[in-house]
Amino acid sequence: SNEGSDDSDEYETESEEEEEDDKEILFDPLGLIDERLMEFSFPHVLERLKASNTQPDVYPRREGFKPGLYLSQVHMQTGFKALRHGEENLERSIDVQNKQIKVLVRENFGTFISAKDATDTIYNELKEQEQKGEGIIKVENAYKALAEKVQLAFGSLIERKTEIDRKRSMQAILQRYQFVFSLPGKIRESISRREYDQVVRDYKKATTQLGTLSSQVKIFQKILEEVEKIVDGFRTDLQQSLKDDVFFETRDMEDLQDFLDNQEKVVRLLRDLSVGGSGGDKLDPGWSYLTDMYLWACTALEKVVGAQGTEGRMQKDDVILLCEVLTARVPAFWKFLQFLQAEDEEKLKAETSNDAGVGSTANTNNNNTSTATKEGRAVTKALNEHNLSRGREQLTNILQTFVTNVRSLFTKEELIGTTLLFAMKDCVSEVIYAEEVLTKSGLPEEPFLKLVSDLLREMKEQFIARAGHRMMKE
C-alpha cells in the first residue's frame, strides 16, 4: 500500500509539472494573444512542427527558444501593424523588467553579501581540509543549502534575465527585417508612379535578402511570393507593350528615334527583372522582340504581293506599297539590332573586368571557380555572336524579299504605251527614295544596302531601254 501511495504521489507530481509547463506555454512575449486563444491555438502549432520533424523551440521561457520560428508559426497570420504594436509591448516589458531587476537587487543586497561570504567560507574550509580528506560531506551539504538559498533568492531574477534576452532577440529580428513587410505595397506604388528604376531596386533587394530566409520563415516566404506575383504582372504588361508596338510604322527619323528609345528602356527593364537574362538566349525580351519585327516585316511584304490581281490595283501601286513597308521597317530593325549588340557587348565587357579584378586577389582555392566563370563567359560570348548573326541574316532576308517582289512586278508588261513608261518612272523614283531613307538610317553598304542599289540599277537600265525602244517605234 505504501508503494501504491508513492506511485500516486509521483503521478501527482508529474501532473503538477505538466500543468506548470502548460502555464509556461500560454504566454505571448508580444502581448498580442491572450491565454485562452493561446490555449486553443498552440497545440496546432506543435502538431505542425511535429509533422515537419522540426524541434518545437517555440516555448518563450525555455532554453533553445528561437524567435524567428516562434514568429513564423505563432504569428504567421499577424499583420505588420500588429507586429509593430507587439514590438512596442516588448520594449515596455523590457523597461519594466529592468526596473524590477534593479529593485530586486537593491532589496536583496544583504543576501548577495551573505552569499559571497558563505562562498568564501566554504572555499577556505575546503582548502584547509583538502589534505586531510575530511569535510566532503559537510561541504556537499553546505553547497546544497547554499544552492537552495540562491535559487530561492535569484531564481526569478535569472529567469527574467533570460526572458529579457529572448525578447531583445525577437525585437532585433523585427527591426532588421521591418522593410520586408512594406515591400509589396512599395513596389505597387512605384509601378503606379512609373518609377521603374525603383521597382528594379526593390525587387533585387527582396530576392537577394529573402532568397534564403524564405525557405526557413514562412511569413517571409509569403511576402516573397506576393512580390513575385506583382513583378510577374509588371513583366507581362511590359512584354505586351513590346508586342503591341511591333506594328509601329513611320518614315520620320525623329519619331522613329523616340519610339526606339522607349523600346530600349522596356527591354532594359525586362532584363533587369531577370526575364531571359543577358546573352540573348531564346527567351531574352530584346532578341524575341527583334524576331517579332522581322516576322511582321516579312508578313507585310508578302501581303502586298498576295494582293496582286485585285481590281483597280496596278503594279506601280504594289511597288510603292513595298517601298513604304521597307522604309518603315528596316531602319527600326537595324537600329534596334545595333542597340542589342552594344548592350550585350558592354555587359560582357563589364563582367569580364569584374572577373579579372576578383581573380587578381583570389588564392589557389578559387581556381575551379575561376575556370567555371571563364567557361561561362565563353558560352555567353558565343551566344551573343550567334544572335547577332541571326539578326543580320533576318535583315538580309527582309531586303531580299523586297528586291525579289519589286523585280517581279517591274518586269511585267501588262501596261501599254506611254502609261507604262510613267509607271516605271514612278517606281524608280520610289525605290530611289527608299534607298535614301536606308542610307540615312546608317545601313551599311555591304551586304545590305548593295541589294537595293543593285535593284535600282537594274530598274534604271530597264526604264532607259524601254524608253529608247518607245522613241524608236514612234
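1. Helices (H or I, at least four residues) and strands (E, at least two) here are DSSP runs, numbered from the N terminus. By that count the chain has 16 helices and 0 strands. Isoleucine 113, for one, is found in helix H5. Keep in mind that this is a predicted model, where local features need pLDDT of at least 70 and side-chain atom pairs count only at pLDDT 80 or more, while totals for chains, interfaces and linings use all residues. Residues are numbered from 1 along each chain as its sequence is written, and side-chain values use heavy atoms, with hydrogens and water left out.

2. On confidence: pLDDT is the predictor's confidence in each residue, from 0 to 100. The chain's mean pLDDT is 75, and 73% of its residues reach 70 or more. Helix H8 (residues 183-192) comes out highest, at 90, and helix H1 (residues 2-25) lowest, at a mean of 46. Contact means heavy atoms within 4.5 Å. Residues 10-23 also stay under 50, with 1 contact beyond four places in sequence.

3. Now the overall packing. Buried means under 20% relative accessible area, exposed over 50%, and partly exposed in between (1.4 Å probe, protein chains only). Of the chain's 474 residues, 36% count as buried. Among contacts between residues at least 6 apart in sequence, 77% join residues at least 24 apart.

4. A nonpolar core is a set of buried Ala, Val, Leu, Ile, Met, Phe, Trp, Tyr and Cys residues joined through side-chain atoms within 4.5 Å. The largest one has 66 residues, of which Phe336, Leu399, Phe402 and Leu443 touch the most other members. Helix H13 (residues 315-361) supplies the largest share of this core, 13 residues. Apart from it lies another core, of 18 residues, including Leu30, Ile33, Phe65 and Ile223. As for leucine 399, its contacts outside four places in sequence are Leu326, Val330, Leu438, Leu443, Phe448, Leu451 and Val452.

5. Glutamate 87, in helix H4 (residues 80-107), is buried, with a relative accessible area of 6%. Not counting residues up to four places away, glutamate 87 touches Leu30, Gln171, Leu174 and Gln175. Isoleucine 219, in helix H10 (residues 218-245), is buried too, at 10%. Leaving aside neighbours within four places, isoleucine 219 is in contact with His75, Thr78, Leu83 and Phe181.

6. Helix H3 (residues 67-74) is largely enclosed by the rest of the structure, because 7 of its 8 residues are buried. Those are Pro67, Leu69, Tyr70, Leu71, Ser72, Gln73 and Val74.

7. What about the outside? Patches are made of residues with over 30% relative accessible area and no salt bridge: like charges are joined within 9 Å, nonpolar side chains (Val, Leu, Ile, Met, Phe, Trp, Tyr) within 5 Å. Val105, Phe109, Phe112 and Ile113 form a nonpolar patch on the surface, with about 330 Å² of accessible area together; such areas come from the Shrake-Rupley method with a 1.4 Å probe, and for residues only the protein chains shown count as cover. Helix H5 (residues 109-129) gives the most to the patch, with 3 residues. Isoleucine 113 counts as partly exposed, at 40% relative accessibility.

8. A salt bridge is a side-chain nitrogen of Lys or Arg within 4 Å of a carboxyl oxygen of Asp or Glu. The structure holds 13 of them. Glutamate 343 meets arginine 268 in one (3.2 Å, N to O). Glutamate 343 lies in helix H13 and arginine 268 in helix H11 (residues 253-272), so the pair ties together parts that are 75 residues apart in sequence. Arginine 271 pairs with aspartate 284, their closest N and O atoms being 2.9 Å apart. Both of these, arginine 271 and aspartate 284, are buried. Arg271, Asp284 and Asp344 are linked in a network of salt bridges.

9. Two backbone spots to check. A cis peptide bond joins glutamate 446 and proline 447, with omega about 0°; proline 447 sits in helix H16 (residues 445-473). Arginine 194 has a phi near 65°, a positive value in a residue other than glycine. Most residues other than glycine have a negative phi, and most peptide bonds are trans. Arginine 194 lies in the loop between H8 and helix H9 (196-210) and is exposed, with a relative accessible area of 64%.
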